[in-house]
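Please look over the sequence and the model, then read the notes below.

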Amino acid sequence: MKKIHQKENCLEQRKKRVRKKIYGTPERPRLRVTKTLNHIYVQIIDDTQSRTLVSESSVQLKIKGGNIESAKQVGRSLAEKALALSISKVAFDRGGHLYHGRVKALADSAREVGLKF
């Protein structure tokens, strides 16, 4: 049990450290990534107005499995929605998760479509 609490504590500390540096503005909103074992969720947030501008998830796309391919599809779909709303630049908030695996795949696929970090 102790090891689980230690992992959660480390994730929480990383999340706070990342959020100190990243803030979403109307010109450059924040792209927030949340992941669970089975799904991945992404939002583009304007922190000055406390509004979610665009959101996408593997649940909305009806993708089963929390793998890299589903993260790529979610990233592509989010970037297309954002570009349709003329959002081209974002600040990437990985939410304390390491920039590796599904988080990296999502970011790379969003960049391929045309979103700039």
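On a 1 Å grid over the protein atoms alone, a pocket is an open set of points where a 1.4 Å probe fits, with protein on both sides within 12 Å along at least five of seven lines, and lining residues have an atom within 4 Å of a point. The model is predicted: local features need pLDDT of at least 70, side-chain atom pairs count only at pLDDT 80 or more, and totals for chains, interfaces and linings use all residues. Residues are numbered from 1 along each chain as its sequence is written, and side-chain values use heavy atoms, without hydrogens and water.

**Largest pocket**
- Ile-4, Lys-7, Glu-8, Cys-10, Leu-11 and Arg-14 line the largest pocket.
- Its space is about 160 Å³, a volume being the space filled by probe spheres set on the grid points.

**Strands β2 and β3**
- Strands are DSSP runs of E with at least two residues, numbered from the N terminus.
- Strands β2 (residues 40-46) and β3 (residues 51-57) run antiparallel and are joined by six bridges; pairing requires at least two bridges found by DSSP.
- Gln-43 stands opposite Ser-55 in β3.
- The two strands form a hairpin with four residues between them, and Ser-50 in the turn has a positive phi of about 55°.

**Arg-32**
- Arg-32 lies in strand β1 (residues 30-35).
- Arg-32 is buried, with a relative accessible area of 18%, where buried means under 20% (1.4 Å probe, protein chains only).
- Leaving out residues up to four places away in sequence, Arg-32 touches Lys-15, Tyr-41, Val-42, Gln-43, Ile-45, Asp-93, Arg-94 and Gly-95; contact means heavy atoms within 4.5 Å.
- Arg-32 and Lys-81 are 49 residues apart in sequence and 15 Å apart in space, C-alpha to C-alpha.

Notes. Buried means under 20% relative accessible area, exposed over 50%, partly exposed in between (1.4 Å probe, protein chains only).
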